[in-house]
Amino acid sequence: MATEDSSEMIARECIAMRVRLLNRVVTKIYDDCLRPHGLRTAQMNILVAVSLMKSASPSEIEQRLCLDKSTVSRNVERMQRRGWVKFVPGKDGRSHQLQVTAQGTKLLSKVVAAWQHAQEKAVSLLGKDGVAVLSSTGTTLGAHRV
């Protein structure tokens, strides 16, 4: 098979390429809606995860959200500077756990309308069948690990 034929086939059929493109498009929808609140999609996901877990180490967040260490570190640092999360000593005295601050909880409440607007746009883009496929994958927070 010629290189050009291979390239055409991959461009036409590659699921990974399509999923990555869809991820960028959907993330932009959420980022645009959350931007007035100074929040990005990745930060919102971390904030929600920590809120649900009550207390979590960065490595637990990495595992739960399937993120790499540098992504979590970079976002947590920004979120900490903005007062949305804080580190508290772990039970062993050596480790640190991440917790959502009162300001972070207030932010989550404040962004619900923007998040709902992004949800509506994403549903419109994906259609009911697309949303149903995503919902059936079991990738709710912590339900699916690769």
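A salt bridge, as the term is used in these legends, is a side-chain nitrogen of Lys or Arg within 4 Å of a carboxyl oxygen of Asp or Glu. The model is predicted, so that local features need pLDDT of at least 70 and side-chain atom pairs count only at pLDDT 80 or more, while totals for chains, interfaces and linings use all residues. Residues are numbered from 1 along each chain as its sequence is written, and side-chain values use heavy atoms, with hydrogens and water left out.

**View 1**
Glu 77 and Arg 81 form a salt bridge in which the closest N and O atoms are 3.1 Å apart. These two residues lie 4 residues apart in helix H5, which means that about one helical turn separates Glu 77 from Arg 81; helices (H or I, at least four residues) and strands (E, at least two) are DSSP runs, numbered from the N terminus. Glu 77 is partly exposed, with a relative accessible area of 45%, whereas Arg 81, at 59%, counts as exposed; here buried means under 20% relative accessible area, exposed over 50%, and partly exposed in between (1.4 Å probe, protein chains only). Salt bridges that share partners also join Lys 28, Asp 32 and Arg 35 into one network. A search of the whole structure finds 5 salt bridges.

Asp 31 counts as buried, at 8% relative accessibility, whereas Arg 40 is partly exposed, at 46%.

**View 1. The largest nonpolar core.**
A nonpolar core is a set of buried Ala, Val, Leu, Ile, Met, Phe, Trp, Tyr and Cys residues joined through side-chain atoms within 4.5 Å. The largest one has 27 residues, of which Leu 34, Leu 39, Leu 47 and Ile 61 touch the most other members. Two or more residues of this core come from each of H2, H3, H5, strand S2 (96-100), H6 and helix H7 (112-136), and H3 gives the largest share, with 6 residues. Leaving aside neighbours within four places in sequence, Leu 34 is in contact (heavy atoms within 4.5 Å) with several residues, including Leu 39, Arg 40, Met 44 and Trp 115. In soluble globular proteins, nonpolar side chains tend to be buried together.

Leu 21, Leu 22, Val 25 and Leu 125 make a nonpolar surface patch of about 320 Å². Patches are made of residues with over 30% relative accessible area and no salt bridge, with like charges joined within 9 Å and nonpolar side chains (Val, Leu, Ile, Met, Phe, Trp, Tyr) within 5 Å, and accessible areas come from the Shrake-Rupley method with a 1.4 Å probe, only the protein chains shown counting as cover for residues. Helix H2 (residues 15-34) gives the most to the patch, with 3 residues. Leu 21 is found in helix H2 and is partly exposed, with a relative accessible area of 46%.

**View 2. Leu 126 beside Leu 22.**
Leu 126 is found in helix H7 and is partly exposed, at a relative accessible area of 23%. Not counting residues up to four places away in sequence, Leu 126 touches Leu 22, Val 131 and Leu 134. The C-alpha atoms of Leu 126 and Leu 22 are separated by 9.3 Å, although these residues are 104 residues apart along the chain.

**View 3. Loop residues around helix H4.**
Lys 54, in the loop between helix H3 (41-53) and helix H4 (58-65), has a phi near 70°, a positive value in a residue other than glycine. Cys 66, in the loop between H4 and helix H5 (69-81), likewise has a positive phi, of about 55°, although it is not a glycine. Most residues other than glycine have a negative phi. Lys 54 is exposed, with a relative accessible area of 64%, whereas Cys 66 is partly exposed, at 47%. Ser 57, found in the loop between H3 and H4, is buried, with a relative accessible area of 13%, and it touches His 96 and Gln 97, not counting residues up to four places away in sequence.
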